[in-house]
Amino acid sequence: MGYTVLSSEKNRSIGSEYETKALLYLMNYRLDSNQINYYVVDFFNDLTGMCNAGQKLWDIQSKASKNTNAKALGREMVTLFKNYLSSLQFNHYILFVGGLAESIRIDNCKNVFNLSNVSVKARASIKLGLIEEAQVKTYIDSSQITEENIEKFLEMVQIVVDDKKNSEYVKAIIKTSVKLIPSEDILESIFDEIKDKQSLKKNSVVENIVINMSHEALDYSRHLTSHEIRLLAIARIINRNPLEKGVPSSFYDLIKDLPNHKRQDYVLEGQIGVAKALSNKNNVNNFWQFFENVYFVTLENLKENVNSIFNKIDKALMLNCPEFDSISVKYFISIIKEGIE
Amino acid sequence: MIITKVAIGNNERAFVEDRFVNNMNIISSDDNNKGKTILIQGMMYALGNTPTFPVSFDYKSFYFIVEFKINNKLYKVCRYKDNYIIKFENELRQLENTSEFRRFWDKEISLLPKIVKNNNLVLVHPELFVQLFFVGQDKKNTSTIANPNYYKNDDFYNMLYWICGVKIHIDETELKKQKKQLQDLVHAKKILLRENKILNSKRKEISILSPTNDRIQFENNLDKIEKINQTITELNKERNRNLTRKLKCETAIKEINSLNRELDTGEIVCLNCGSLHIGYKTSSKNEYVFDITTTEIRKEIVQSIQYKIADYQEEIERINIELNNKQILLNELLTVEEVSLEALLFYKDDLLAVKDIDDKIVKLDKEIDGVKSNLSAIEVKKESLELTEKEILEKIYGLMNETYKDIEPNGTLLFTSLFTKKNETYSGSEQTLFYLIKTYVFQKITGHKMPIVVDSFRFEDLSTEKEKAFLDLFNGLGNQIIFSTTLKDEEIGKYDKDEFDFVNHINYSNHISYNLLQTSFVDYFNTLLKEIIE
């Protein structure tokens, strides 16, 4: 029996901020974060993490409300329960919430926990809420709402309470990749960009599509990857307006022996080339591939000078970005080098 | 040049060495004082070297004979005190001192280098020449040439330059003379001008009547014009550069604006029912969804470029104003002032009074020009000479260091001179390396054909490995090699082994200590002597 996509959100909710937080939680704050590569948006659920091979799944339902009570908590679990009952195998069921009523947790300091940290009374309410909601939903076969299924499912559910600002989630992406700590504004704007793209993913229609294997979900272009998100964050911090910042010192090293007017020409040439490449809106894929190459080659050869880094970058990728010539690429390398040194 | 025989002796005692071969010869003995040094010193003495025998050896009572071949021509030289008798191809020459011997050598045997000594270009004495291929055993000092008396280190350098092809030289006396002359002339002119101020006047009228003044005014003007012209050229260049930058920025903005526009695409519609609800399947290839930059940054970039354009424009305007000013100045300088006849008449009498002086200065100017051009010719020659000499030395040091690295890969010496500084000392084995490398490199650089003679070539120890390396190097030169050494007990017989089969081993071990010269050689010696004299 195939898996039918049901209850996808269709319209953007104000909860989309929590969905992005949930994504960044999956990406950075779990012990198994590094196993997750794809974030499938609004397909199985609000968000579902998937490993590189497309086999392991982390299913997340997010709930923005700050003071959710136990019964509401149970009701929110219904989509997770739906997936639990489905023919696909999910490995983790996570409810990501903005906040909880005081009485629910036994230890209120624990923000990531399972039902063992929930008081007996609250547990009963959760169960009740889930059963009630499951019975209402048409996409759940009521014959499967058995005591056994419910209990087994509840044993597996993990609850995560959001306790961080948007900017903190972004900072976690780049913790070791860049030298300068960007301003709160920049971090917020990166968060918003991720959020926007995540919302945009919901624009296509997937309702009633049937898939047999979880990795088929990737065919519908509803996912983001850790890789591109990480690269985005790095790029947004490093690739600022090249004309406003001073000349990177490693670029200056290359031209320091030239006469003054030549130096000025080289700097302008470099800045304008980078400016053009950053302004091209129609060469997105090639730019990111090239940026990725330059970033990693620079990172691996930080001790070497710009010329020798230039020798090591992939020239085929460089040629795909026609705004770049060798001077501006060296300028670009210098900017990146300065950003991560 | 190949040494074939060396003989030392008189009617009572004598020694003859005739075992030399064309390539490598090593004279060895198991102990000191077996006569190696006497033989080698004797050979060099017969070739005109200053005597450096041990005090105990009364060299003045002996005849010294050396026989050698150059291009298969046999020469026999016999030296007794400062007298030389030379026999070659049935010719017999008798020379009374080493200076004459030197001249004879230069004319008949092979060219000797010439160096400037006391302002004269002279032939070097054998004393200096032999240091190109001979290293003696005693009184070694790495900071000077051997026997630094009449000749100094600089003379050795100059000899090397000469051998390497630097045949011209700068006549320093002439240079000094010319400089002095220029000084005198300039001084004389200055005094004349000071005494007759009218000739130095800046008035235009004077320049029309006086050639001296005309020249002064013209030169002053020319200086100013050149300076302004230079500034104008610079300003022009700078203006162009700013213009180019401005244009580059303007083009960039245009390009960015076009790159900034997203290409419009249509939307997909189901042609059957017109529905926009159409699913889309992408290839699973990794596609990037994020924009390259944010709108804010793109805006900022365009803004920055616009500021730059404004800056360049301002700069261009500033340069324009400066240029105009300079052009006005230049025009003023180039305008020829009208001079009225009245003004000319007014100064005529004053100038008539100094007409002789005027002529004198014109003449002085001509002489000054002549001397200046002479001087600049000498300077040019001097510069090119110094450059060539520097190149030669660099080549020598380069090869010395290269050879050193080959022999001693972990060594720390770096040769930057042919002699060490006075306070610099080499350890014993370093010193030995230094002399051997120098001697080797001199041949490599100059390509000389003289026999390479090193007395006690392993002086102060040289490991067996390095010794072999050096012998291979020298053997590869093709010159005749005459080395000597004292063998340690455990080394006796080493040169007779197969690995040294290229060595002609001449063994002095069985000589009686302190008694190289024997009665048994007297007959042989006399025969050799007679062959020369008769």
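**View 1. Overall make-up of chain B.** In this predicted model, chain B contains 13 helices and 13 strands. Of its 534 residues, 44% count as buried, and the accessible surface of chain B comes to about 30,100 Å², with 50% of that area belonging to carbon and sulfur atoms. When contacts in chain B between residues at least 6 apart in sequence are considered, 71% of them join residues at least 24 apart.

View 2. Five strands of chain B, in the order 10-11-12-3-13, form an open sheet with parallel pairing. Its edges are strand 10 (134-135) and strand 13 (503-507) of chain B, each of which pairs on one side only. Strand 3 (residues 24-29) of chain B is joined to strand 13 of chain B by five bridges in the parallel sense, and B:Met24 stands opposite B:Val503 of strand 13. Helix 12 (residues 464-475) of chain B packs on the sheet, where it touches strand 3, strand 11 and strand 12 of chain B, and its direction makes about 140° with that of strand 3 of chain B. Helix 1 (residues 36-46) of chain B lies across strand 3, strand 10, strand 11 (452-454) and strand 12 (481-486) of chain B, and runs at about 155° to strand 12 of chain B.

**View 3. The hairpin of strands 1 and 2 in chain B.** Strand 1 (residues 2-9) and strand 2 of chain B pair in the antiparallel sense over four bridges, and the two form a hairpin with four residues between them. Within this pairing, B:Ala7 has B:Val16 of strand 2 of chain B as its bridge partner. Strand 2 (residues 14-17) of chain B is covered on both faces, with B:Ala14 and B:Val16 buried on one side and B:Phe15 and B:Glu17 buried on the other.

**View 4. Two loop residues of chain B with positive phi.** Most residues other than glycine have a negative phi. B:Asn71, although not a glycine, has a positive phi of about 50°, and this residue lies in the loop between strand 4 (63-70) and strand 5 (73-80) of chain B. B:Lys81, likewise not a glycine, has a positive phi of about 50° and lies in the loop between strand 5 and strand 6 (83-88) of chain B. B:Asn71 counts as exposed because its relative accessibility is 75%, whereas B:Lys81, with a relative accessible area of 37%, is partly exposed.

**View 5. The nonpolar cores.** The largest nonpolar core has 118 residues, and those with the most contacts inside it are B:Ile3, B:Phe68, B:Phe156, B:Leu418 and B:Phe474. Helix 10 (residues 355-407) of chain B gives the most to this core, with 16 residues. A second, separate core of 82 residues includes A:Val160, A:Met318, A:Phe324 and B:Ile292.

**View 6. The interface between chain B and chain A.** Here 35 residues of chain B are in contact with 46 residues of chain A, and the two chains bury about 4,000 Å² between them, 59% of it on carbon and sulfur atoms. B:Tyr288, B:Phe290 and B:Ile292 supply 25% of the area that chain B buries against chain A, more than any other three residues.

Notes: Residues are numbered from 1 along each chain as its sequence is written. Chains are lettered from A and ligands numbered from 1 in the order in which they are written. This is a predicted model: local features need pLDDT of at least 70, side-chain atom pairs count only at pLDDT 80 or more; totals for chains, interfaces and linings use all residues. Side-chain values use heavy atoms; hydrogens and water are left out. Two strands pair if DSSP finds at least two bridges between them. Contact means heavy atoms within 4.5 Å. Axes are lines fitted to C-alpha atoms, for helices over the stretch in contact, and angles run from 0 to 180 degrees between N-to-C directions. Buried means under 20% relative accessible area, exposed over 50%, partly exposed in between (1.4 Å probe, protein chains only). Accessible areas come from the Shrake-Rupley method with a 1.4 Å probe; for residues, only the protein chains shown count as cover. A nonpolar core is a set of buried Ala, Val, Leu, Ile, Met, Phe, Trp, Tyr and Cys residues joined through side-chain atoms within 4.5 Å. Buried area is the accessible area (1.4 Å probe) that two parts lose on being put together, summed over both.
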